[in-house]
Amino acid sequence: MRNSREPIVTPIQIASLRPTQITVGLHEVERKRLQWRGEGEHGGAYLGRHMIPVVLGPKRRPYVIDHHHLARALHDEGQSEVLTTVVADLHQLSLPAFWIFLDNRGWLHPFDADGKRRDYSAIPKRVAKLVDDPFRSLAGAVREAGGYAKDTTPFSEFIWADYFRRRLKRPQLEAHYERSVAKALVLAHAHEASFMPGWCGPDHFLSAP
């Protein structure tokens, strides 16, 4: 078992990438698709700035541990290859031991579109099969709008997605997306969210008795 201290950059077929989560937010995927289209002739430089971190699993298959939305967006745009950097080589582990290792390292998020934990076998084998979770899109939109700060907590956007999932109704989110983003911004700044990763609500909440 070897961890890579120096990045090893490898171009790889997007179709061969294995996810480590079940869902993405398709609204966020669409935003990244538009961003990719805007790069035009500078697409190569863009890929160089946005390498996909992977872990090599059993049979040396590459498992994505971040940037699932970008990988899905590039796939949906017809891009065949992406640049990856190998974070760890775990190919000697059995598949059950590999999943447990990733889970313990915070490199795995086996939760479905309802926020419920599922068996590792529910994780799709292709980025094209990632399932839409509109609350994950909502969490991404709220962060982009300044609702909370980017945080190093693993899967922090999914933590926020579950926070909003318990306070907003999915039919309303899907029918009135922009209105729901505005409501979620208020929820994100509320004092009851002060325990959340990246919270950036009003300072006076912190000094309140």
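Let me begin at one pair of residues: L56 stands opposite D89 in strand β6. This is a predicted model, in which local features need pLDDT of at least 70 and side-chain atom pairs count only at pLDDT 80 or more, while totals for chains, interfaces and linings use all residues. Residues are numbered from 1 along each chain as its sequence is written, and side-chain values use heavy atoms, with hydrogens and water left out.

Strand β4, residues 52–56, runs parallel to β6, and 5 bridges join the two. Strands count as paired if DSSP finds at least two bridges between them. Helices (H or I, at least four residues) and strands (E, at least two) are DSSP runs, numbered from the N terminus. The protein has 9 helices and 7 strands.

The largest nonpolar core has 20 residues, and L17, L74 and V82 have the most contacts inside it. Such a core is a set of buried Ala, Val, Leu, Ile, Met, Phe, Trp, Tyr and Cys residues joined through side-chain atoms within 4.5 Å. At least two residues each come from α1 (26–39), α2 (43–49), β4, α3 (68–76) and β6. The largest share, 4 residues, is supplied by α3. Apart from this core lies another, of 19 residues, among them F135, L138, W160 and L168.

What is L17 in contact with, leaving aside its neighbours within four places in sequence? Its partners include I12, V54, V64, A71, V82 and V127, where contact means heavy atoms within 4.5 Å.

Finally, consider helix α8, residues 177–189. Its 13 residues should span 18 Å at 1.5 Å a residue, and its end C-alpha atoms are 19 Å apart, which agrees; the expected span is 1.5 Å times one less than the number of residues. Within α8, Y177, S180, V181, A184, L187 and A188 are buried. These residues cover an arc of only 120 degrees around the axis, and therefore lie on the same side of α8; the arc is that of the directions from the helix axis to the C-beta atoms. On the other side, E178, R179 and V186 are exposed. Buried means under 20% relative accessible area, exposed over 50%, and partly exposed in between, with a 1.4 Å probe and protein chains only. The buried residues of α8 pack against α1, α5 (134–144), α6 (156–165) and α7 (170–175).
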